[in-house]
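Welcome! Here is a short tour for someone meeting this structure for the first time. Have a look, then read on.

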Amino acid sequence: MASSKSKQRKIDKECRLFNDEWQTKYFFVECNSVLVCLICNESVSVCKEYNLRRHYDTKHSKTYNQFVNEVRKEKSIKLKNKLFEQQDLLKRGNTETENAAIASYEMSLLLAKNCKPFNDGEITTESLEIVFKNICPEKLKILNNISLSRQTITQRTWGVANDLIIFIRGIDNDFLVTKELLDIYPMQGRTTGEDIFLAMKKVFKKFNLTYNRLILFTLDGGSSMIGKKMGDVSRLENKMAENKLSLIELHCIIHQQNLTAKNMDVENVMSAVVIAINSIKSSALRSRQFEAFLAENDSEYGDLPYYTEVK
């Protein structure tokens, strides 16, 4: 007895298209390849008239059968516009939330760059509220979404500090050296040499960088960087060796300078510097005048940076 295998139906290959007449007939519309009911906002997975008719007859026919001809068409258009307005409102809300988070990060970065206390974020918020109330009060609600509290700025700053920041430096045919920030990769959990190496591989792949263009690697001497077996540099050297390439290692010059200065006897210089700093910071007037002096000369720092011992 011969038996034939029945072919399994595949709905996604039947190329069923939405009929515009179904909007007026069953109060359905197509949104992002999904059929949505204009009355209850429920969705139907399969684009088939039977499914739409069954949904309408079961849930809405008693109420909406009274609308006919042009009245029914106007009703469907009104419900469709209402649905799209709701979707646009949600999209705008998500965009405003993202922009508020970006503004919070940028303000935190600005405070950190200028060596300002994190409490200044709250004063900044109060100042902006005064400006918004007098110039554009309708935008005040957006300002309330920007969090600049001391706890938030601390979290933002530490969040950036725990990320892997990769700079890239190159030289052209005219011996012009260019240094740019390549990427900031978030490091979650561990920061071992292997984790750093895997993060670097992802960044290289993201920007389509090849290892044959990598010539020199600068490091600070951390164990996760210079480990003999699992360090980032050793993993990178093995990767370069696979491609028959070599890598030059260079200890960070700025770090070397700080370590050298730590072991030098500069008491005669530091004593004069400490006296000058104490003289400036002991007077609020002199401190403000010194900050104005730095601003006029476009100094890198907006105030006296705090001393930190280099290890």
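## A hairpin and its sheet

Strands β1 and β2 make a hairpin with 2 residues between them, and in the turn Asn32 has a positive phi of about 55°. (Strands are DSSP runs of E with at least two residues, helices are runs of H or I with at least four residues, and both are numbered from the N terminus.) β1 covers residues 28-31 and β2 residues 34-37; they pair in the antiparallel sense over 4 bridges, where pairing requires that DSSP finds at least two bridges between two strands. Cys31 sits opposite Val34 in β2, while Val29 has Val36 as its bridge partner.

The open sheet has 3 strands in the order β1-β2-β3, with antiparallel pairing. β1 and β3 (43-44) are at the edges with a single partner strand each, so one side of each has no neighbour in the sheet.

## A helix with a buried face

In helix α2 (residues 49-59), the buried residues are Asn51, Leu52, His55 and Tyr56. Viewed down the axis of α2, these fall within an arc of 130°, so they line one face of the helix. Buried means under 20% relative accessible area, exposed over 50%, and partly exposed in between (1.4 Å probe, protein chains only). The arc is taken from the directions from the helix axis to the C-beta atoms.

## Leu250

Leu250 belongs to strand β7 (residues 248-251). Its relative accessibility is 32%, so Leu250 counts as partly exposed.

## About the model

This is a predicted model, in which local features need pLDDT of at least 70 and side-chain atom pairs count only at pLDDT 80 or more, while totals for chains, interfaces and linings use all residues. Residues are numbered from 1 along each chain as its sequence is written, and side-chain values use heavy atoms, leaving out hydrogens and water.
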